[in-house]
Amino acid sequence: MLVLVAPGQGAQKPGLLTPWLELPGSADRLAEWSAAIDLDLAHYGTEGDADQIRDTAVAQPLLVAASLLSAEALLDWRPGQESPGSLDAAGALAGHSVGELAAAALAGVLTPLDAMKVVRARGKAMAEAAAVTETGMAAVLGGDSEAVVAHLEKLGLTPANMNGAGQIVAAGTAEQIAALGQDKPEKARVMPLKVAGAFHTEHMAPAEPAMSEAVKDIEPGDPAVRYVSNLDGQVVDTGPEVVRRLVHQISAPVRWDLCMETFQELGVTTLIELCPGGTLTGIAKRALPGVRTLALKSPDDLEAARALIAEHASS
């Protein structure tokens, strides 16, 4: 079974859109989305430096745009289609954090344009929430997961991303993150992350009303492909429930570990990560032994990815 996934915040890199804009139609699509959300995605995706695209209000729309452009190229998908026909080969879809919006668009729950409008509201609201208190995140690598979680809670930190494969992302105030650096869990390493806030914690609760406002007029479709939710790793069958979870997930931990457990239960054999790929395939290589992985980093990766899709379509 093939699983298609979309990466989350932190995966962005300067110039990530440059090679994709050389593909037919991509520049037009990006221009349409940029006009709709009042953000020059082409500029930030080709010329923005690391600090500029670290801004949550920029990073989140940029990531969803990158995933959707690469999906369009991979699946021969055009706006207006409920979901791409070649997606029939996929057994499940998921996105990590903000990547859930790209997955929702691919599943036919949201239109690509609606996904871009919602992610613009999401990024701005989360940036505003992050500005209230100086907060941050750090990856905790290794150690016993239960002991790591207990240690984080002792320091007042939230295990905001349970990513599996020995990786837990802690989130909290700048002081709490600094304390973690001085007081590490046993047998674990701590790596501060270049993000602008304590995402998926109570610090993001003030952003939920803006998300609710952003989705209130959307009429979601039901997923055309299994949609696996970050909230609990469960498959969600209805569009309204997907949207409800998208709103509330911004202040709830990401359970990517449970998503991968669901992939295993469904019989995953291959995982393709949309642009900017690399993070989720890296986790999958450690957590899903024997599963083939492919990360879309540039159009040069499309041929190999299409071959994997064709293989699953014919099986």
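Residues are termed buried under 20% relative accessible area, exposed over 50% and partly exposed in between, with a 1.4 Å probe and protein chains only. By this criterion C259 is buried, at 0% relative accessibility, and C275 is likewise buried at 0%. The structure is a predicted model, in which local features need pLDDT of at least 70 and side-chain atom pairs count only at pLDDT 80 or more, whereas totals for chains, interfaces and linings use all residues. Residues are numbered from 1 along each chain as its sequence is written, and side-chain values use heavy atoms, with hydrogens and water left out.

The structure holds 0 disulfides, a disulfide being a pair of cysteine sulfur atoms within 2.5 Å. A cis peptide bond, with omega of about -5 degrees, joins C275 and P276. P276 is placed in the loop between β9 and α11; helices (H or I, at least four residues) and strands (E, at least two) are DSSP runs numbered from the N terminus.

In helix α11, which spans residues 279-287, the buried residues are L280, T281, I283 and A284. Viewed down the axis of α11, these buried residues fall within an arc of 160 degrees and so line one face of the helix; the arc is that of the directions from the helix axis to the C-beta atoms. K285 and R286, on the other side of α11, are exposed. The buried residues of α11 pack against the strands β1 (2-6), β4 (158-164), β5 (167-173), β9 (270-273) and β10 (292-295), and against helix α10 (256-266), where contact means heavy atoms within 4.5 Å.

Strands β1 and β2 pair in the parallel sense over 5 bridges; pairing requires that DSSP finds at least two bridges between two strands. The bridge partner of A6 in β2 is G95. Strand β2 (residues 90-95) is mostly covered, with 6 of its 6 residues buried.

An open sheet is formed by 4 strands in the order β4-β5-β3-β6, with antiparallel pairing. Strands β4 and β6 (188-192) stand at the edges with a single partner strand each, so one side of each is left without a neighbour in the sheet. On average, neighbouring strands of this sheet are turned by 25 degrees against each other, direction ignored. Axes are lines fitted to C-alpha atoms, for helices over the stretch in contact, and angles run from 0 to 180 degrees between N-to-C directions. Within the sheet, β3 (residues 135-142) and β5 pair in the antiparallel sense over 7 bridges, and V140 stands opposite I168 in β5. Helix α6 (residues 145-154) packs on the sheet and touches β3, β4 and β5, its direction making about 5 degrees with that of β5. H151 lies in helix α6 and is buried at 11% relative accessibility. Not counting residues up to four places away in sequence, H151 touches L180, D183, K184 and P185.

A search of the whole structure finds 1 aromatic pair. The pair is formed by W256 and F263 and is edge-to-face, at 5.9 Å centre to centre and 80 degrees between the planes. Rings of Phe, Tyr and Trp (its six-membered ring) pair if their centres lie within 6.5 Å, and planes under 30 degrees apart count as stacked, over 60 as edge-to-face and the rest as tilted. W256 is buried, with a relative accessible area of 1%, as is F263 at 0%.

Most residues other than glycine have a negative phi. D38, which is not a glycine, has a positive phi of about 55 degrees. D38 is located in the loop between α1 (26-37) and α2 (41-46) and is exposed, with a relative accessible area of 67%.
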